[in-house]
Amino acid sequence: MSDALLPPIGMLAELTHRCPLQCVYCSNPLELLKADKELSTEAWLALFEEAADLGVLQIHLSGGEPTLRPDLEQFVSCLARRGVYTNLITAGVGIAEGRIERLRDAGLDHVQLSIQGAHAPTTEKIGNNRGAHEKKLETARRVVELGLPLTINAPIHRHNIEEVPAFIDLALSLGAERLEIANVQYAGWALLNRNALMPGREAVERQVEIVEEAQSRLRGILAIDFVAPDYFAIYPKACMGGWARDAFMVAPDGTALPCHAAGTIPTLHFERFGDRSLTDIWVNSPAFNAFRGDGWMLEPCRSCERREVDWGGCRCQAMAIAGDAAATDPACIRSPLHSRMATLIGEANSVSDADDFRYRRIGRA
Ligand code: SF4
Ligand code: SF4
């Protein structure tokens with residue numbers, strides 16, 4: 001590995017696209033992979049061994065719903081043996097009795113549970129799954145009882161933005177250590193449902209005040225992370241800490257990508273683990289090198305003092321809004337296309353509040 005390129009810190013392993021929920025904000029790709037395309041147990045184990053060799057320190061076991069993989073305990077146990085920190089990202093629905101205990105005993109370090117609404121009707125509407133809310137709360141209780149650290153992930157959009165105070169109360173009552181108030185990123189199914197999900201500006205401003213007040217009031221009791229909504233921002237976020245810089249992800253079929261939406265960039269070709277080693281992909285893949293560092297940047301990023309802060313923002317958002325993955329992220333006020341964000345907010349807010357949802361389904365984009 002070259003001196004300039006460090007090993008990745010984190011890896012998101014999307015073990016499967018199967019999921020009992022059909023969330024309208026899901027960031028999975030529109031073309032979801034069926035079970036027969038998923039890597040085998042042996043292939044995932046080999047991949048995790050290589051990830052540890054490469055220097056990955058933490059692996060997020062995600063999906064879809066990762067607990068649908070019966071071999072999850074084997075993955076956790078392999079990673080624990082290699083000293084890699086494991087975080088289970090789960091919808092918390094349909095987890096069999098005794099499963100969380102087995103995962104803890106295998107060495108699982110942390111659980112991140114997504115909750116779609118602070119109240120049952122919202123969770124059930126957004127995830128299109130009756131009874132999901134109660135099952136999630138039960139999962140949260142089991143995780144805490146077993147002594148595993150719990151993060152509640154609350155993906156925020158127009159249909160639950162007024163529930164932010166109730167999300168804070170819920171996280172406290174469940175004994176969570178951390179709450180993520182994560183405004184939806186418009187990729188995958190969320191991009192398809194953007195008009196139905198986009199909140200109004202006043203609601204966003206109220207939300208920021210509520211979160212800031214709670215962060216200071218609950219310091220030392222509940223850590224609250226805030227993922228700001230890009231469309232309302234003046235500067236973009238450093239997506240994934242910069243393209244192929246700190247982290248990457250692996251899709252259920254072993255395809256390695258710098259981020260979960262990178263497959264929407266049609267000029268890039270992404271390689272699969274098995275055809276090439278993870279190390280070779282990390283170091284040499286043309287797709288990983290396409291937007292690494294700042295050498296690819298055009299103006300205004302090229303001469304911007306923030307270019308090593310946000311790395312030009314999100315390449316997939318540039319693709320989705322500017323139609324050019326090499327453009328400055330339109331979330332940035334210095335982008336010539338920044339005003340398009342306000343136009344898109346206005347267009348979304350002018351459509352009726354009806355639940356015109358396209359639910360995430362395998363084979364039904
Ligand atoms: S966002 Fe919803 S549908 Fe998508 S993987 Fe998570 S729980 Fe499943
Ligand atoms: S011009 Fe580019 S580097 Fe500068 S703040 Fe905007 S996106 Fe970031």
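Asn128 sits in the loop between α4 (120-127) and α5 (132-145). Helices here are DSSP runs of H or I with at least four residues, strands are runs of E with at least two, and both are numbered from the N terminus. Asn128 is not a glycine, yet its phi is positive, about 55°. At 35% relative accessibility, Asn128 counts as partly exposed. For that scale, buried means under 20% relative accessible area, exposed means over 50%, and partly exposed is in between, with a 1.4 Å probe and protein chains only.

Before I go on, the ground rules. This is a predicted model, in which local features need pLDDT of at least 70 and side-chain atom pairs count only at pLDDT 80 or more, while totals for chains, interfaces and linings use all residues. Residues are numbered from 1 along each chain as its sequence is written, chains are lettered from A and ligands numbered from 1 in the order in which they are written, and side-chain values use heavy atoms, with hydrogens and water left out.

Trp311 also has a positive phi, near 55°, and is a residue other than glycine. Trp311 is in the loop between α12 and α13 (315-322), and with a relative accessible area of 10% it is buried.

Next, the cis peptide bonds. One joins Gly63 and Gly64, with omega about 10°. Gly64 is in the loop between β2 (58-62) and α2. Another cis bond joins Glu299 and Pro300, where omega is about 10°. Pro300 belongs to the loop between α11 (286-289) and α12 (307-310).

Which residues are around ligand 1? They are Cys19, Leu21, Cys23, Tyr25, Cys26, Asn28, Gly64, Ala91 and Arg360. The criterion is a heavy atom within 4 Å of the molecule. That shell divides into six nonpolar, two polar and one charged residue. Nonpolar covers Ala, Val, Leu, Ile, Met, Phe, Trp, Tyr, Cys and Pro, charged covers Asp, Glu, Lys and Arg, and the others, Gly among them, are polar.

From the record: an unreviewed UniProt entry places the domain "Radical SAM core" at residues 5-222. UniProt positions are given in the numbering used here, feature names are shortened, and annotations may be inferred rather than shown by experiment. In the model, that span is 41% helix and 16% strand, and its end C-alpha atoms lie 36 Å apart.

Now the salt bridges. The rule is a side-chain nitrogen of Lys or Arg within 4 Å of a carboxyl oxygen of Asp or Glu. The count comes to 19 salt bridges.

Glu49 and Arg82 form one, at 2.6 Å from N to O. Glu49 lies in helix α1 (residues 41-54) and Arg82 in the loop between α2 (72-81) and β3 (85-90), so this pair ties together parts that are 33 residues apart in sequence. Glu49 is partly exposed at 24% relative accessibility, and Arg82 is partly exposed at 31%.

Arg206 pairs with Glu162, where the closest N and O atoms are 2.6 Å apart. Arg206 is in helix α9 (residues 201-217) and Glu162 is in the loop between β5 (150-156) and α6 (164-174), so that distant parts of the chain, 44 residues apart, are linked. Arg206 is partly exposed at 38% relative accessibility, whereas Glu162 is exposed at 52%.

Lys237 and Asp230 form a salt bridge with closest N and O atoms 2.7 Å apart. Lys237 is partly exposed at 28%, whereas Asp230 is buried at 8%. Elsewhere, Arg18, Glu38, Arg69 and Asp71 are joined into one network by salt bridges that share partners.
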